[in-house]
Amino acid sequence: MRATVKDVAARAGVSAKTVSNVINGIVFVRPETKERVEAALRELDYVPNLSARGLRNGRSGVIALALPDLATPYSAEMAHHFVEAAHARGWGVQIEETGGRPDREAQLLLRARARLVDGLILNPTVIDELDLPDDSDLPPAVVIGEVEQPSLDQVRVDPDQAAYDMTRFLIQCGHRQIAVVGSDQGSGTSTAVLRTRGYRRALADSGIEAAAHLEISCDDWTPRGGASAINRYLDDYPVPEAIFCFTDSLAIGVLNELWRRHIVVPDDVSVAGFDDVADGEFATPPLTTVSFDKTAFANAALDRLATRISDRTAAQTVTTVGHVIVERASTAARTSNLPAP
């Protein structure tokens, strides 16, 4: 016979409510108690009856994770971390690709309102274009990324400050002519706008005048798009001292095009990225990048979603996950531009 919650509770020496709290991952349980319950679950080969649970509490045990482009290394890594963190809470994950389209995001909201998933993690990309229903039936949802939505909880890395810090790092390496790939010229994505803002702010604070030709726009944030963007730039302009790409995927494409043109990194030009995906660490040369703890990011978003599922009236919050600059071999100091000691 299938083991019940009461069977698990008896084996672990706790209440049935505590077992439910461990399985659902919504209410905090002391680590030592949680370990006993999890051991009992394994010993009894407990399998939750999701149908019965859904009838009792109106929940499916499944959440949706919506990312703009599942083909990118960044989305793949984020999906991995979210699935692992969700499974630790006893949740299944339905992964969706929105293509950065607000209409697809709206469809997911409607699906959640129909109780097909318990909540949503959304990664919208276009400023002010996430169309939210203005009523009490809005499903529990947490926004990740860089679109500001004052009515929803949000978990993010500060894009302005992170871009500022990377630009300042390149300036401190002695670079003054710094190009960016992925600027907001013609893009309209929140990521492009905010990271461009941080880049310009760092230049201004260092007394460096921004140059429009060094802001290279790119609608396709993939290695192919990065290679194409820098190829167009190099057909018209000389090699800059440094190139800051707004994602590692763009940077990998830039590295390839520079290699094709026999431009040596970092001897001829420094290259940096953003996101710290595994592909960048193993690029040639390994890529300097903006990094953040993706496990902590996923857990912060799911913790907030769990709170929102339990208490629809909880105050809206914005959580910022810290970032660091990871220096690797794709950047080097330009000694001719460094100040005298």
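## Helix α1 against helix α3

In this predicted model, V8, R11 and A12 of α1 meet R36, V37, A40, L41 and E43 of α3, where contact means heavy atoms within 4.5 Å. By class, this contact of α1 with α3 has five nonpolar, no polar and three charged residues; Ala, Val, Leu, Ile, Met, Phe, Trp, Tyr, Cys and Pro count as nonpolar, Asp, Glu, Lys and Arg as charged, and the others, Gly among them, as polar. Local features need pLDDT of at least 70 and side-chain atom pairs count only at pLDDT 80 or more, while totals for chains, interfaces and linings use all residues of the predicted model. Residues are numbered from 1 along each chain as its sequence is written, and side-chain values use heavy atoms, with hydrogens and water left out.

Helix α1 covers residues 5–12 and helix α3 residues 31–43, and the two pack at an angle of about 125° with their axes 9 Å apart. Axes are lines fitted to C-alpha atoms, for helices over the stretch in contact, and angles run from 0 to 180 degrees between N-to-C directions. That angle makes α1 oblique to α3, given that angles under 35 degrees count as roughly parallel, over 145 as roughly antiparallel, 65 to 115 as roughly perpendicular and the rest as oblique. The crossing of α1 past α3 is right-handed, a term used if the near helix is turned clockwise from the far one by less than a right angle, with anticlockwise giving left-handed.

## Helix α1 against helix α2

The axes of α1 and helix α2 (residues 16–24) come within 8 Å and cross at roughly 105°, which makes α1 roughly perpendicular to α2. On the α1 side the contact is made by V5, V8 and A9, and on the α2 side by A16, V19, S20 and I23. This contact has six nonpolar, one polar and no charged residues.

## Helix α5 against helix α12

The axes of α5 and α12 come within 9 Å and cross at roughly 55°, and the two helices are therefore oblique to each other. From α5, the residues E77, M78, H81, F82, A85 and A86 take part, and from α12, K294, T295, F297, A298, N299, A301 and L302. They divide into eight nonpolar, three polar and two charged.

S75 also has its place in α5 (residues 73–88). This serine is buried, with a relative accessible area of 4%, where buried means under 20%, exposed over 50% and partly exposed in between, for a 1.4 Å probe and protein chains only. Leaving aside neighbours within four places in sequence, S75 is in contact with L67, D69 and L70.

## The nonpolar cores

A nonpolar core is a set of buried Ala, Val, Leu, Ile, Met, Phe, Trp, Tyr and Cys residues joined through side-chain atoms within 4.5 Å. The largest such core has 66 residues, of which F82, I121, V181, F244, L258, V271 and F297 touch the most other members. Helix α12 (residues 294–310) gives the most to this core, with eight residues. Apart from it lies another core of 13 residues, among them V19, V22, I23 and V37.

## T247 and the chain as a whole

T247 lies in the loop between β8 (242–245) and α10 (248–260), and this threonine is buried, with a relative accessible area of 10%. Not counting residues up to four places away in sequence, T247 touches R195, W221, G273, F274 and D275.

The chain has 12 helices and 12 strands, which are DSSP runs (H or I of at least four residues for helices, E of at least two for strands) numbered from the N terminus. Of its 341 residues, 50% count as buried.
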